[in-house]
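My notebook is open at a new page. I will write down what I look up, entry by entry.

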Amino acid sequence: MLKKDLHDRNESELAAFRKQIDELDDTLIDLLKERIGIVSRVGEFKRRSAPGRCPIRPAREAEMIHRVMKKFEDSKFSPAAAAALWRLIIGASTSVESALTLSVFTPDRDNDYFWMAREYFGPFTPIIKQPHIKRVIGDVMDGKVAVGIVPMLRSADTTFWWTNLVQQGNDIPKVFARIPFVYYGTPGRDAPSALAISRLTPEASGDDRSLLVLEADHNVSQHKIQSAFATAKLDATWINIATLSPSARHHLIEVKGFVTLENPCIDILMNTLGASIYNLSFIGAYAVPIILNNGNISHETKTIHAVSSKS
C-alpha cells in the first residue's frame, strides 16, 4: 500500500505541474494569436503605403533577437533556443504580411545554404533551389521571389557575382542580412555562412557592416584607396577585386558601421581620390552576427571571410 500511495502522490503532483504547463501553453497560444492579428494589420498598412515591396525590416528583426536573447541570458531556457524560437515567430509573421518565397543557391550535392535559409526564415517558407548564383539574383530582380540566398563574400571567389548588384534601378537587390545571425561558439574561418538579398532598403541596426563597390582606374593602387578610406575615417576591409575591363578594377570593400552614399565620410573619400574613381556603389549592409559562448552573448569581433591581399 505504501508504494501505491507514494505512486499516487507522485502522479498527482506531476498532474498538477502538467496542468500549470498546459495553462501557460494556452496563454502563449492566445498571445501568439493576438500578436499575429496585429501583424496582419501591419501587413495591410504596408501594402497600402508601399505596395509590391518586401515587408522584411532587417534592422528591427536584429533588434528583436538581441532583446529576446538578453532577456533569456540569465535563464535556464537557452538564449540560443529563444533566438531560434523567435526567428520562427518572425518568419511566420512576415509570411502573414506578404507571401514569401526564397531562391537559394544550392550547388551540386551541397545543401548548406538551403538548411540555413530554412532555419532563418522558417520551414514553412517555399524555397526554389538554383544551381547558379546569378539565377538567384535574377529571381529576385524579376520579382519571382522576395528573397535570395547567396554565399558569403570571400576573397577566393572568382565568379565576382557581387558585381551584378552594382547596377542602378529599383529592381536591383541589396544585401540586408547575414545568416546564421546567431553562432553557437566562435565560428571558424570556413564556417558556412550566407547573405540574404532582396529589393528592399537596408536599415541601420546599431551594429552593422556595410558593403561598397568602388570602381577605380586600374593604375590606382589598393594602398592609395586604403589611405583615402583612412582619411575619411572609414574602417574598411578589402574582400575582393574584380578586373572586368582592362582600364578599371572593381574593389569590394566591407566598412564598419552603417555607411550609405549619403554619409558625409563618403564625400571626403571621393574628394580625396578625385577623378581616379569612376563610380562608388552601396550594395547593402547587414547586422553583425551574435556569438553565444558558454551562455554569454557577444558580437563578432572580426570578419569570418578571408581578406584579399591583392594590390
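**Entry 1: a loop residue.** I found K233 in the loop between helix 6 (222-231) and strand 8 (236-245). Helices (H or I, at least four residues) and strands (E, at least two) are DSSP runs, numbered from the N terminus. The model is predicted, so I note its limits: local features need pLDDT of at least 70, side-chain atom pairs count only at pLDDT 80 or more, and totals for chains, interfaces and linings use all residues. Residues are numbered from 1 along each chain as its sequence is written, and side-chain values use heavy atoms, with hydrogens and water left out.

I looked up the backbone of K233 next. Its phi is positive, about 60°, although K233 is not a glycine. K233 counts as exposed because its relative accessibility is 73%. Here buried means under 20% relative accessible area, exposed over 50%, and partly exposed in between (1.4 Å probe, protein chains only).

**Entry 2: helix 6.** Which residues of helix 6 are buried? I listed Q222, I225, A228 and F229. Seen down the helix axis, they fall within an arc of 120°, so they line one face of helix 6. The arc is that of the directions from the helix axis to the C-beta atoms. On the face turned away from the buried side I noted the exposed residues H223 and A230. The buried residues pack against strand 7 (208-217), strand 8, strand 9 (248-256) and helix 7 (264-273). Contact means heavy atoms within 4.5 Å.

**Entry 3: another positive phi.** I looked up R109. R109 has a positive phi of about 60° and is not a glycine. Its place is the loop between strand 1 (102-105) and helix 4 (112-121). At 77% relative accessibility, R109 counts as exposed.

**Entry 4: a cis bond.** I checked the peptide bond between I179 and P180. It is cis, with omega about 0°. P180 sits in the loop between strand 4 (174-179) and strand 5 (182-184).

**Entry 5: the cavity.** How many cavities of 30 Å³ or more does the structure hold? I found one. A cavity is a set of points on a 1 Å grid over the protein atoms alone, where a 1.4 Å probe fits but cannot get out; lining residues have an atom within 4 Å of a point. Grid points are joined across faces, edges and corners, and a volume is the space filled by probe spheres set on the points. The largest cavity has a volume of about 140 Å³. Its lining has 18 residues, and P58, A62, F176, A177 and A287 lie nearest its centre. Helix 2 (58-71), strand 4 and strand 10 (277-287) each give two or more residues to this lining. The largest share, five residues, comes from helix 2.

Technical notes
On a 1 Å grid over the protein atoms alone, a cavity is a set of points where a 1.4 Å probe fits but cannot get out, and a pocket is an open set with protein on both sides within 12 Å along at least five of seven lines; lining residues have an atom within 4 Å of a point.
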